[in-house]
Amino acid sequence: MAQISGKALVDFWPWAVEKGLIKKPTASSYLSAVRRVTAGVDGFEQQDVSAMDVEHVLTRFHNRSSQGISPKTLGVYSQRFRQAVGIYLDYAKSPAGWRFRGKPGARRGVPRGRTGSAQYPVPESERAGEIDPVEPVSSNTIEYPFPLRPDCTARLKLPRDLRKAEVERLKTFLDSLPMDLVQDKP
């Protein structure tokens, strides 16, 4: 396989949306993970992704981010980064015959994000740390439902004694999540 640059990996997601190969929210989540994980990697856009040590890059990301991001969020970014690299390398091997197989867990009857897929598995260590959606709220937290859209309500479980500095960290984290692929086009 020819050298595949980090820039090609980043540029793939908006291109795949534009061509109708991947839905925008899915591509945005992968692109966000790629950008977040590689933010501190010098010269990433010129690196050969096919020869990259993904676990080394993730270890550096975890070391850089461990104080500002929760372990669960680190796990999500790691999972999506591994999947993004795997999906893109599959595309690069055979662009003419490539077809996006859907998000892991998107098959009917399989809880989303829980089991991964045979092609892009979720490591057991990341599955073990997942939060059960019916987990009771402790007496030290309050759950705040927030209607994002008519069909989507976000639920924030926050400590009763939430501090201003924690709110600022949460705002910074939330600001890093949305990805508007249209503005990313060169």
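Colleague: What pattern does the protein follow, read along the sequence?

Modeller: The order is α-α-α-α-α-β-β-α. That comes to six helices and two strands, where helices (H or I, at least four residues) and strands (E, at least two) are DSSP runs, numbered from the N terminus. This is a predicted model, in which local features need pLDDT of at least 70, side-chain atom pairs count only at pLDDT 80 or more, and totals for chains, interfaces and linings use all residues. Residues are numbered from 1 along each chain as its sequence is written, and side-chain values use heavy atoms, with hydrogens and water left out.

Colleague: Where is Thr38 found?

Modeller: Thr38 belongs to helix H2, residues 24-38.

Colleague: Why is Thr38 called buried?

Modeller: Buried means under 20% relative accessible area, exposed over 50%, and partly exposed in between (1.4 Å probe, protein chains only). Thr38 has 8% relative accessibility, so Thr38 counts as buried. Across the protein, buried residues make up 31% of the 186 residues.

Colleague: Which residues does Thr38 touch, not counting those up to four places away in sequence?

Modeller: Thr38 touches Phe44 and Phe81; a contact means heavy atoms within 4.5 Å.

Colleague: What does the side chain of Thr38 reach at 2.6 Å?

Modeller: The side chain of Thr38 reaches the backbone oxygen of Val34. A polar contact is a pair of N or O atoms within 3.5 Å; within protein, one must be able to donate a hydrogen and the other to accept it, and residues adjacent in sequence count only if both atoms are side-chain atoms.
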